[in-house]
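Here are some questions about a protein model, each with a worked answer. Look at the sequence and structure first.

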Amino acid sequence: MKHYYLEIVCPNCGQLLNDPEVNIKKRPALKFLVENKGRQGIIWISAIYGDHETIEPPELNILPGDLVKFYCPHCKKPLPKIDKCYCKGDLLRLKLKSGGDLQFCNRKGCYYSTIGFTNPDELDKFFKSIE
């Protein structure tokens, strides 16, 4: 199976979320400020599409089923909610650096995600970025 490494930017401020300081599967992981049960902290999520590995500090105590609030670590704004997931979590939106959107569920353990493009140019740029 082919692995697709994604470069992601904040939809609010445009800053790159891939953190060159922290790798998962030898690639820079996505860095987020999160809130769970009133506690805030930083987590990293694999930037390889379909890989669900994370680095989470134990003090956040993120358990399966928890609904986690995600924020940009740069501008501190919440990621936009665009819809409800089939699991009743929130679908959040990120921007691909090459164009297009990544949507993912904020429920721990729900691995629903999708990549979408609004025009063929975004799709072309995406495929060129992963070659």
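Q: Is Cys85 buried or exposed?
A: This is a predicted model, where local features need pLDDT of at least 70, side-chain atom pairs count only at pLDDT 80 or more, and totals for chains, interfaces and linings use all residues. Residues are numbered from 1 along each chain as its sequence is written, and side-chain values use heavy atoms, with hydrogens and water left out. Buried means under 20% relative accessible area, exposed over 50%, and partly exposed in between (1.4 Å probe, protein chains only). Cys85 has a relative accessible area of 6%, so Cys85 is buried.

Q: How many disulfides does the model have?
A: A disulfide is a pair of cysteine sulfur atoms within 2.5 Å. The sulfur of Cys75 is 3.8 Å from its closest cysteine sulfur, in Cys72, so that pair is too far apart for a bond. For Cys85, the nearest cysteine sulfur is that of Cys110, 3.7 Å away, and Cys85 is in no disulfide. By this rule the count is 0.

Q: Is Cys75 buried, exposed or partly exposed?
A: The relative accessible area of Cys75 is 26%. That value puts Cys75 in the middle class: partly exposed.

Q: Which residues have the most contacts inside the largest nonpolar core?
A: A nonpolar core is a set of buried Ala, Val, Leu, Ile, Met, Phe, Trp, Tyr and Cys residues joined through side-chain atoms within 4.5 Å. In soluble globular proteins, nonpolar side chains tend to be buried together. The largest core here has 25 residues, and those with the most contacts inside it are Ile8, Leu17, Phe32, Ile43, Phe70 and Leu94.

Q: How many residues are in the second, separate core?
A: Cys85 belongs to this core, and so do Cys87, Leu91 and Cys110. These are among its members; the total is 5 residues.

Q: What is the C-alpha separation of Leu94 and Ile8?
A: Leu94 lies in strand 8 and is buried, with a relative accessible area of 1%. Contact means heavy atoms within 4.5 Å; leaving aside neighbours within four places in sequence, the contacts of Leu94 include Ile8, Leu17 and Phe32. Leu94 and Ile8 are 86 residues apart along the chain, yet their C-alpha atoms are separated by 6.8 Å.

Q: Where does Leu79 lie?
A: At 4% relative accessibility, Leu79 counts as buried. Beyond four places in sequence, its contacts include Phe32, Phe70, Leu94 and Phe104. Leu79 is in the loop between strand 6 (69-71) and strand 7 (81-84).

Q: What is the relative accessible area of Leu102?
A: Leu102 lies in strand 9. Not counting residues up to four places away in sequence, Leu102 touches Leu6, Ile8, Leu92 and Leu94, among others. Leu102 is buried, and its relative accessible area is 8%.

Q: Which strand supplies the largest share of the lining of the largest pocket?
A: On a 1 Å grid over the protein atoms alone, a pocket is an open set of points where a 1.4 Å probe fits, with protein on both sides within 12 Å along at least five of seven lines; lining residues have an atom within 4 Å of a point. The largest pocket holds about 540 Å³ of space, a volume filled by probe spheres set on points joined across faces, edges and corners. Of its 29 lining residues, the closest to the centre are Ile45, His52, Phe104, Cys105 and Tyr111. The largest share, 3 residues, comes from strand 9.

Q: What is the phi of Lys37?
A: Lys37 lies in the loop between strand 3 and strand 4. Lys37 is exposed, with a relative accessible area of 51%. Its phi is positive although the residue is not glycine: near 55 degrees.

Conventions. Helix = DSSP H or I, 4+ residues; strand = E, 2+ residues; numbered from the N terminus.
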